[in-house]
Amino acid sequence: MSVAQISLALPALTEAWSAEKDFKPIGQLSGSVSRSIEPVGPHFLAHARRRMHKRTFSEDDRIQAEKNVKKVEEEDEGEISEPEDPMMLARDPKDWKNQDHYAVLGITRYRYKATDEQIKKAHRRKVLKHHPDKKAASGANEDDGFFKCIQKATEVLTDPVKRRQFDSVDEAADVEPPSKKEAQGKNFYKLWNKVFDSEARFSKIQPVPRLGNENSTREQVEEFYNFWYSFDSWRTFEYLDEDVPDDNENRDQKRHVERKNNNQRKKRKTEDVVRLRKLVDDCLALDERIKKFKKEESAQKNKKRLEKEAEAKRVAEEKEKAKEEAARLAKEKEEADKAARADTKKTKEAAKNAAKKNKRVVRGAVKDGNYFADGEASPSQIENALNDTDLLITKLEVEDLASFSAKLNGKTGADVKPIFQEQVKSLVDAGKLKDGELKSLA
C-alpha cells in the first residue's frame, strides 16, 4: 500500500477578520481543579538514587550494570556455568569461522539442542560480563576482541540458515563409536544409541528409528538398519567454503572459487556417506541380535528342510508300500487266475472225461440194446445204429448228455430203445432233429 503526501497551505485570514466580532465559541472551558502530583517512573527513581547516594551518571550506570550481571547470574542459578578457557578469551575475532560458537556463549552442554531462549540468555550473560564499557569502568585494559567473538557467535546461532551450516560441521557434537571391547552386553545398546542419536540430527526424516535393546523384534531391528543404510542427510558443508572474493572486476577468480567450493562440498558429502556407512557396518557386525536372528532363521530353514525331507520320505514310503501292495495284489490275482485256469482246465477235463464216459455209456447202451434190432443185428443195422447214435450225441448238450447217460445206465435189451426214442422225440420237439431223421430209432 502506497501513501501519497499532499502539501496544502491553510487559507489566509482576511484583513477584515476580527477575533472580537468574528470568533464564535462552540463550548466552555471547565473550571480549574487542584490535584496532588507524585513523581514516579524509572527516570525519577534514577534521579532520586543519584541524589541519595551522591553519584555521577557514569558511577550510577556502572553500579547498576554490576547489579544487572548479578541478577542475570541469579536467574541462571539453576544452570551450571562453564569455565572460560583463557585461550578462547584471547581469540582473534577475524578467525571467527574456526571458533566454537557454543563454547564462546558457554552452552556446549546443549550445542545443536540449544533453544533460541537459551542462546539469548547466554548472550546476555556474556555481554554483561565482557562488555567493553564494563571492562573500562572496572579499570581493565583488555581489548574488545572476545566481545566481538560473542557478537559473531550470537549472529551465527540466531540465524537459522547460518546455524544449520555451522551445526553441519560441528564435530564437537559428534559421539565417537565405541570399541568392540567397550560395546559388550548391554553397553552395546547404551553406547551405540548415543552415536546414532548424535547422527540423527542430520536426518531429513524425523523421527529417526532407534537402535533399541536386546528385546527389540526382528522387524524393529530391520527397520533401524534399513533406515540408516538409506540415510538421507541434509549436511551440505557450506560453512567450510572458502570466502568468495567480493571483487566485481575479478569475475574469473570468483567463478573459480565457487567451482572449488562446490567440488569440496561434493567430496565432503561423499566422504560423509562412506563414514556413515562404515559406522552402520561396524554396529551391524557387533549386533548380537543379528546373530540370534540368523541362528533362528537357520534353525527354521533346517526345520523346514527336515520337514520337507520327512514328507518326501513319507511319500516315497507310501509309494513303495502302494507299489508293493499293487505287486502283491497282482501276484494274488495272477495266482488266483492261474488257480482258476487250473480249476477251469480240470473242470473242462472232468467235463470232457464225463462227456467221453457218457458217450461211451450211450454207445455201450446201443450195443447192449442189440443196435435196436429185434433179432441178430446185421452189419448195416449196426452201422446205422452207431451213426444215428453219433448224430444224437452231437445234438445233445453236456447236461442233456449226462442226464441221458444216467437214464441208460444199467439198461439192456429192449429197455434201451424206448429211452433213445424218448430222447429223439425231445430233440425233435426242440427243433434240433427232424422227424424220421434217425431211421434206426423210428
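1. Start with how α13 and α14 run relative to each other. In this predicted model, the axes of helix α13 (residues 288-368) and helix α14 (residues 379-395) cross at roughly 150°. Angles over 145 degrees count as roughly antiparallel, so α13 and α14 are roughly antiparallel to each other. Their axes also come within 10 Å, and α13 passes α14 in a right-handed crossing.

2. If you want to look at the contact itself, go to these side chains and their neighbours. On the α13 side you'll find Lys359, Val362, Arg363 and Val366. They meet Ala385, Leu386, Thr389, Asp390 and Ile393 in α14. By class, the contact of α13 with α14 has 5 nonpolar, 1 polar and 3 charged residues.

3. Now for the largest pocket. About 350 Å³ of space lies in it, and 16 residues line it.

4. As for where the lining comes from, α10 (187-199) and α12 (251-286) are the elements that give two or more residues to the lining of the largest pocket. The largest share comes from α12, with 5 residues.

5. The residues of the lining of the largest pocket divide into 7 nonpolar and 9 charged, with no polar ones. Compare that with the contact of α13 with α14, where 1 polar residue does turn up.

Methods: Residues numbered from 1 in each chain as written. Predicted model: local features only at pLDDT ≥ 70, side-chain atom pairs only at ≥ 80, totals over all residues. Heavy atoms only, no water. Axes fitted to C-alpha atoms, helices over the stretch in contact; angles between N-to-C directions. Helix = DSSP H or I, 4+ residues; strand = E, 2+ residues; numbered from the N terminus. Parallel < 35°, antiparallel > 145°, perpendicular 65-115°, else oblique. Left-handed = near helix turned anticlockwise from the far one by under 90°. Contact = heavy atoms within 4.5 Å. Nonpolar A, V, L, I, M, F, W, Y, C, P; charged D, E, K, R; others polar. 1 Å grid on protein atoms, 1.4 Å probe; cavity = no way out; pocket = protein on both sides within 12 Å on 5 of 7 lines; lining within 4 Å. Points joined across faces, edges and corners; volume = space filled by probe spheres on them.
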